[in-house]
Amino acid sequence: MLELRGISKRFGGVVATDDVTLEVTKGEVHALIGPNGAGKTTLIAQISGVLPIDAGRILFNGVDVTQLRTHARVAAGLARSYQITSIFRRFTVLDNLALAVQARSGSSFSFWRPVSAERALYDEAALIANEIGLGERLDVVSSSLAHGEQRALEVGLALATRPQLLLLDEPMAGMGPQESQAMIALIEKMRSRVTVLLVEHDMDAVFRLASRISVLVNGRLIATGAPAQIRADAEVRKAYLGEEIAA
Amino acid sequence: MKRAIAVFVLLALFPLAMQAVDGMFYVSLASRILIYAIAATSLNLVLGYGGMVSFGHAAFFGAGAFVVGILAVEGVRSAWIAWPAAIAVAALAALVIGAMSLRTRGVYFIMITLAFAQMIYYIFVSLKSYGGDDGLSMPGRSTVAADVTLSGDFLWYYLVLALLALVLYALHRLVHSRFGRVIDAIRENEARAEAIGFPVYRYKLLCFVIAGAIAGLAGALIANQSSYVSPSLLHWIQSGTLMIMVILGGVGTLWGGVIGAAVLLGLEHLIADYRIGWLASLAPNYQDHAGLAVGAVLLIIVMLAPEGIAGLFRRRRHA
Amino acid sequence: MSAILFFEQGLNGIQFGLMLFLLAAGLTLVFGIMDMINLAHGSLYMIGAYFMASFVQATGSFWIGLPLALIATAIVGAVLEVSLLRRLYGRDHLTQVLATFAIILIANEIVRIVWGSQPIMLNAPAELTGPVALPGGLRYASYRLVIIGTGTAVAVLLYLLVTKTRVGMLVRAGASNREMATAMGVNIRRLFTIVFALGAALCALAGAMLGPILAVQVGMGESILILAFVVIVIGGIGSIRGAFVGALLVGIVDTGGRAFLPIIFSTFLPPQLASAAGPAVASILIYLLMAVVLYFRPQGLFPARG
């Protein structure tokens with residue numbers, strides 16, 4: 001579904017992404033792990049179109065999307081959630097999700113009819129809210145949500161665009177054990193509908209969810225394979241100092 | 001909505017009241033205020049609601065005025081032709097300037113809108129045959145039919161009032177529409193708006209153009225107000241004045257432009273035309289230096305607004 | 001069109017450009033380091049010119065009046081920064097625009113109250129009123145040559161200051177990465193005040209030197225401020241080098257355009273159209289230049305931030 005061929009990027013003298021070639025197949029949950037500063041979020045930004053690349057190509061469902069702007073990639077089915085929560089803070093949970101639904105259902109160059117009259121938008125938004133566990137919190141202004149709830153909304157916004165491929169950037173960032181379990185359950189639930197590229201530090205989640213794992217160190221992909229394989233890989237253990245991978 | 005109707009009823013009764021107390025001058029002043037209210041409201045759309053700090057809005061206001069003025073001097077006095085032309089030219093200018101400016105952001109955006117607006121000022125001022133530095137005198141107001149000129153104060157006031165009502169209602173619908181919701185979202189979190197699939201640039205540009213078009217309408221009206229077009233309408237100080245009105249009245253609110261225009265122009269008039277005895281004995285020329293008061297008030301409002309002007313955005317979600 | 005005319009206009013363009021650079025340099029640093037848009041910069045230029053006129057009249061000497069004007073304006077700048085502007089750092093741009101716009105209004109009125117509404121006299125020093133014979137046969141106003149000399153000297157000094165001194169290094173670090181500069185333990189507040197005062201002094205220098213050529217009047221700040229903005233947009237925010245290149249470009253294009261466009265136009269347009277179109281296009285030439293630069297380099301020619 002997603003193919004990265006030789007993606008490279010430099011910032012001045014620093015190599016952020018070093019000839020990364022990676023494939024995400026349809027239906028899988030593909031985890032991307034690596035030490036801090038490895039360039040994982042940079043890669044996500046490049047795939048979603050926010051950060052231009054110096055070299056390489058990005059193919060989505062066989063189509064070269066390297067030159068496409070972010071909103072066009074979203075329209076093609078490629079959505080992203082952020083490591084640092086980026087929601088519409090002034091809007092309620094319902095309005096947040098309705099907005100995402102609105103983005104892919106018809107033109108928003110409509111100037112007269114009030115949005116509030118479009119029941120279909122809000123019904124679907126409510127459905128998604130239920131899925132992410134915020135069904136009881138529809139009318140809460142999102143800046144007032146608890147951290148875990150905001151992270152759920154963060155993922156929900158991306159989900160609401162009905163993507164084929166979902167890029168999840170550390171969805172469990174800053175979450176306690178209970179909230180993390182809820183997020184893992186959510187990702188489990190969505191894997192039947194959506195292919196996922198998951199960036200995570202939480203190894204428990206990674207090994208529970210991932211069908212395949214890729215390891216990024218200093219912008220370079222050092223290993224790709226099934227979880228058991230990666231666990232046993234000497235170079236991976238070395239890069240990680242053996243601490244984060246469960247013994 | 002009920003409040004809006006009440007306000008408009010009061011505004012509609014105003015000229016009748018003035019006629020009774022022999023204060024027809026105030027009807028003319030009120031027309032002027034209402035026209036600036038339209039201009040300030042259009043800025044509030046792009047600035048307050050859209051979050052785009054455009055410092056060149058006067059360009060569209062003045063361009064609209066000059067289109068009407070130039071057409072009038074060339075013999076085309078019909079409002080049916082001149083006013084749509086003014087709106088079209090202003091919208092076109094907004095399209096061109098917006099297309100170039102909206103590719104930038106932050107400090108660049110502010111400076112670039114300022115610079116391009118000043119460019120438009122120089123273009124019109126260099127048209128020596130249309131007044132140049134001195135401004136353009138028109139043969140009279142626009143006509144709506146063969147012999148019917150919009151010259152009566154009463155008629156003019158009600159026309160302007162009706163147009164203001166129209167503009168406010170249209171913006172009310174706009175803000176609650178899909179388009180309005182997207183603009184609101186873009187102001188709140190532009191990156192995420194793009195990330196959920198909205199082509200942000202297009203929306204911002206369209207908002208910019210709509211605001212420019214409305215400013216063009218206001219320009220057409222201001223040219224008619226005194227049958228004279230001054231190049232100062234295009235100057236960036238005028239852009240600043242419109243911004244002051246928006247701040248005074250309420251950034252991002254539907255009535256902000258109206259309130260701001262009324263307060264600023266009303267104050268200016270009061271200071272200029274009513275001598276305060278004790279103040280005059282302290283400073284005999286105080287009336288020449290009204291700018292000091294305006295500047296000081298503006299500074300105080302800006303510095304003391306608790307979360308800054310942006311804080312006022314956050315509290316008023318529904319215009 | 002003679003070579004002498006080219007030479008003369010070229011020198012005029014450089015002279016104007018160098019003065020623009022003085023304004024733009026201070027401004028671009030404020031934008032780059034403090035991320036603050038400061039419309040009142042033009043007011044400092046105006047105050048510098050007015051101080052100069054007063055000091056020259058009081059002391060009878062151009063050369064004594066000049067440093068006095070620079071110091072006085074630097075003090076005004078520092079006071080302004082400490083009392084008012086420092087509260088604007090980190091605020092949203094709209095707030096900064098409105099606050100500094102308010103300062104323009106207040107400054108204009110104060111100048112009007114103190115010095116009156118009429119333009120005031122500022123003359124070039126008597127010993128510099130004559131022309132100087134330059135190679136090629138051009139007789140050029142010696143005062144303008146002094147302006148060019150002063151501007152170049154200041155540009156060199158600024159370059160040395162920014163690239164060779166510790167303060168300069170801090171300034172450059174601040175321009176490209178504010179958070180890092182703070183983390184490095186720099187006394188940011190003091191640095192900002194110094195940068196601002198320096199910028200004010202530069203404005204005053206430009207105002208004082210241009211005073212005899214342009215008029216010293218209320219509102220002189222605003223017209224040159226926009227040109228400074230154009231310079232910064234073209235040169236890139238936060239970059240002294242960009243300000244220098246941008247200023248020279250703007251100075252030469254603007255001066256050259258005004259001098260030669262009417263002539264150029266009259267070669268292929270009917271005289272009436274040429275005499276109208278020439279000055280019109282000349283006045284917007286630099287904005288067209290800005291548009292072209294923006295198209296190819298939206299961040300300017302030498303952006304400080306990567």
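Predicted model: local features only at pLDDT ≥ 70, side-chain atom pairs only at ≥ 80, totals over all residues.
Buried means under 20% relative accessible area, exposed means over 50%, and partly exposed covers what falls in between.

## A residue in chain C

Let's begin with Pro131(C). It sits in strand E1 of chain C, which spans residues 131-133. Its relative accessibility is 48%, so Pro131(C) counts as partly exposed. Leaving aside residues up to four places away in sequence, Pro131(C) touches Arg139(C), Tyr140(C), Ala141(C) and Ser142(C). There's also a distance to look at: Leu145(C) comes 14 residues away along the chain, and its C-alpha atom is 9.4 Å from that of Pro131(C).

## How the chains meet

Now zoom out to the chains. Two pairs of chains touch, and the pair with the most contacts is B and C. Chains A and C, on the other hand, do not touch, with 8 Å between their nearest C-alpha atoms.

Here are the two contacts side by side.

| Chains | Residues in the contact | Buried area | Share on carbon and sulfur atoms |
|---|---|---|---|
| C and B | 44 from chain C, 42 from chain B | about 3,700 Å² | 85% |
| B and A | 30 from chain B, 36 from chain A | about 3,100 Å² | 57% |

H4(C) gives the most, with 16 residues. Sorted by class, this side of chain C has 32 nonpolar, five polar and seven charged residues.

How many salt bridges cross the interface of chain B and chain A? There are six salt bridges. One is formed by Arg90(A) with Glu188(B), whose closest N and O atoms are 2.6 Å apart. The interface of chain B and chain A also has 21 residue pairs in polar contact. On the chain B side, the elements that give two or more residues are helix H6 (153-176), helix H7 (178-188), helix H8 (190-195) and helix H9 (200-226) of chain B. H7(B) gives the most, with eight residues. By class, the side of chain B that touches chain A has 15 nonpolar, four polar and eleven charged residues.

## A loop residue in chain B

Thr104(B) is worth a stop. It belongs to the loop between helix H4 (79-101) and helix H5 (106-125) of chain B. Is Thr104(B) buried or exposed? Its relative accessibility is 7%, so Thr104(B) counts as buried. A polar atom of the Thr104(B) side chain lies 2.7 Å from the backbone oxygen of Ser101(B). Not counting residues up to four places away in sequence, Thr104(B) touches Phe109(B) and Ile112(B) in chain B, along with Leu294(C) and Pro298(C) in chain C.

## Strands in chain A

Finally, chain A. Strands of a sheet pair through backbone hydrogen bonds, either parallel or antiparallel. Chain A has an open sheet of four strands in the order E2-E1-E4-E5, with antiparallel pairing. Strand E2 (14-24) and strand E5 (63-64) of chain A stand at the edges with a single partner strand each, so one side of each has no neighbour in the sheet. Strand E1 (residues 2-11) of chain A runs antiparallel to E2(A), and seven bridges join them. As for who faces whom, Arg10(A) stands opposite Val15(A) in E2(A).

Elsewhere in chain A, strand E6 (residues 78-81) pairs with strand E7 (residues 165-169) in the parallel sense over four bridges. The bridge partner of Ala79(A) in E7(A) is Leu166(A). From E6(A), Leu78(A) and Arg80(A) point one way, while Ala79(A) and Ser81(A) point the other way, and all are buried.

How values were computed:
Residues numbered from 1 in each chain as written. Chains lettered and ligands numbered in written order. Heavy atoms only, no water. Buried < 20%, exposed > 50% of the residue type's maximum accessible area, 1.4 Å probe, protein only. Contact = heavy atoms within 4.5 Å. Buried area = accessible area lost by both parts, 1.4 Å probe. Nonpolar A, V, L, I, M, F, W, Y, C, P; charged D, E, K, R; others polar. Polar contact = N/O pair within 3.5 Å; in protein donor to acceptor, adjacent residues only side chain to side chain. Pairing = 2+ DSSP bridges. Salt bridge = Lys/Arg side-chain N within 4 Å of Asp/Glu carboxyl O.
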